[in-house]
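I opened my notebook to record what I looked up in one protein model. My plan was to go from the whole chain to single residues.

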Amino acid sequence: SRRGLAPCAWLHEYRIMQLLKPAKLVFDVLESSDRSAFAAVIAVAALLAALDVAGIGAIFGFFSIALESGQPSATSSFAIDLAGRLGIEDPKGVLVLMGGAALTLFLVRNLVAIANVWVGERFVLMQNHRLATRLLESYLKKPYSYFLMENSSRLSKNLLVEVQRVTFGVLWAFMKLVSQSIVALAIVAFLLIQQPDVTIAILLAFTTVYGALYLAIQRVEQRIGRDRVGADEARYKITSEALRGIKEVKAFGLEGYFLSHFTDASKRFTRAELTHKVISQAPQYLLEMIAIGGLLGTAIYLIQRGHAPGGVVATISLYVFAAYRLLPSVKQIFATFAEMQFFQASIEAVHEDLATHETSPPAVLRTVDPSRLPFQREIRLENIGFTYPGSNSKVLRDVSFTVRRNTMTAIVGP
């Protein structure tokens with residue numbers, strides 16, 4: 001139970017929960033069929049990871065055999081054994097087999113990568129459509145009194161802007177996080193089998209640097225994400241009020257007032273976006289320094305331990321090709337962590353509106369059918385009153401009027 005957790009375990013659990021909170025909120029608003037579609041996207045990513053590992057292994061085996069590095073690796077031994085079963089004993093034939101296998105895997109891998117892009121993009125775009133539709137439906141089913149207490153610009157922004165940020169900033173980011181993590185773990189596992197000592201050293205360096213960076217920027221991303229949402233809401237509100245009330249703006253000379261407030265909100269929005277982009281992209285340069293330094297350090301380490309130059313070149317080729325596949329995944333993983341924290345305020349806004357709709361009494365979308373009105377001539381209302389929700393004073397008191405059949409009457413006022 002949680003009561004039995006040590007303080008460090010409590011802290012670790014809390015950090016994980018905070019880390020994945022945006023993803024959890026997204027999955028709360030997804031329907032069961034959408035979650036099944038997400039599982040299919042991850043399955044394609046797992047296939048891509050398997051092809052990546054197989055391609056790296058084939059290339060490593062090819063270079064190991066070509067350079068005659070002495071002690072054969074597990075991959076090259078498997079290739080030689082397979083060639084023998086196929087009746088290929090000539091070393092050149094084994095090389096042709098390995099080269100052909102590497103080329104085939106490379107081509108198949110890229111075709112699967114194209115399919116992965118299509119599946120992922122389609123899933124995210126469909127979720128954008130479905131979430132926007134569900135959110136609009138939830139607004140339309142709310143009673144009229146709800147709109148009296150809400151600013152229409154906030155609802156429009158949630159529907160047209162925040163939903164898109166949820167799907168592309170959180171859902172897409174989480175999907176890339178899971179898929180790229182699968183690729184990274186598969187490649188790291190393969191490297192651990194081939195060169196455990198070197199791989200562990202490089203892995204420790206990567207995790208230390210990236211872990212420290214993430215802990216440093218997590219709260220910053222959440223704070224600027226909230227600032228961005230507030231500034232964007234202010235931009236929409238000011239723009240809506242200025243353009244809808246343009247007659248009053250011109251009559252009372254309020255152009256400077258609205259322009260000043262919009263400029264302030266726009267600057268806050270720009271600062272938040274700029275800070276987020278720098279934070280999410282800057283670590284890749286540290287990553288490249290660690291990668292290049294790691295490769296040179298690996299070569300020096302292996303030569304000092306007495307490895308043959310051919311074996312060193314083969315090992316370096318393994319890490320070069322692994323880095324070619326691994327570095328984009330690691331960059332994407334860090335960027336998606338930053339994205340999810342930055343857009344957490346967006347998913348909280350959408351999640352709150354959908355959750356309010358789902359927990360409120362069921363309502364239906366109604367249409368007017370004059371032929372079914374239950375009267376023949378008129379409806380008469382006598383001595384009615386009305387009070388806004390949350391208010392103690394009546395805005396209508398002892399009002400009487402008549403609504404004739406096939407006519408409409410509206411009460412306009414504060």
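This is a predicted model: local features need pLDDT of at least 70, side-chain atom pairs count only at pLDDT 80 or more; totals for chains, interfaces and linings use all residues.

I began with a definition: buried means under 20% relative accessible area, exposed means over 50%, and partly exposed lies in between, with a 1.4 Å probe and protein chains only.

Residues are numbered from 1 along each chain as its sequence is written, and side-chain values use heavy atoms, leaving out hydrogens and water.

**Whole chain**

I looked up helices (DSSP runs of H or I, at least four residues) and strands (runs of E, at least two), numbered from the N terminus. The protein chain has twelve helices and two strands. Along the sequence, the pattern reads α-α-α-α-α-α-α-α-α-α-α-α-β-β. Of its 414 residues, 38% count as buried.

**Core**

Next I looked for a nonpolar core, a set of buried Ala, Val, Leu, Ile, Met, Phe, Trp, Tyr and Cys residues joined through side-chain atoms within 4.5 Å. The largest one has 59 residues, and among the members that touch the most others are Phe123, Ile187 and Leu318. Which helix gives the most to this core? I found that H6 does, with 16 residues. I then checked contacts, meaning heavy atoms within 4.5 Å. Leaving out residues up to four places away in sequence, Ile187 touches Val53, Ile56, Ala322, Arg325 and Leu326.

**Helix H9**

The 27 residues of H9 should span 39 Å, and the end C-alpha atoms are 39 Å apart, which agrees. Its buried residues include Phe258, Phe269, Glu273 and His276.

**Salt bridges**

I searched for salt bridges, each a side-chain nitrogen of Lys or Arg within 4 Å of a carboxyl oxygen of Asp or Glu. The whole structure has 13 of them. One joins Arg165 to Asp232, with the closest N and O atoms 2.7 Å apart. Arg165 lies in helix H6 and Asp232 in helix H7, so the pair ties together parts that are 67 residues apart in sequence. Are these two residues buried or exposed? Both Arg165 and Asp232 are buried.

I went back to Arg223, whose side chain meets that of Asp227 in a salt bridge (3.7 Å, N to O). They are four residues apart in helix H7, so about one helical turn separates them. Asp227 is partly exposed, at 35%.

I also found Arg380 and Glu378 paired at 3.3 Å, N to O. Arg380 counts as exposed at 55% relative accessibility, while Glu378 is partly exposed at 24%. Salt bridges that share partners join Lys157, Glu162, Arg165, Arg228, Asp232 and Arg235 into one network.

**Surface patch**

Last, I looked up patches, made of residues with over 30% relative accessible area and no salt bridge: like charges are joined within 9 Å, and nonpolar side chains (Val, Leu, Ile, Met, Phe, Trp, Tyr) within 5 Å. Accessible areas come from the Shrake-Rupley method with a 1.4 Å probe; for residues, only the protein chains shown count as cover. Tyr144, Leu148, Met149, Phe386 and Val395 form a nonpolar patch with about 500 Å² of accessible area together. Helix H5 (residues 144-149) gives the largest share, three residues. Val395 lies in the loop between strand S1 (378-386) and strand S2 (396-404). At 38% relative accessibility, Val395 counts as partly exposed.

Note on methods: The expected span of a helix is 1.5 Å times one less than its number of residues.
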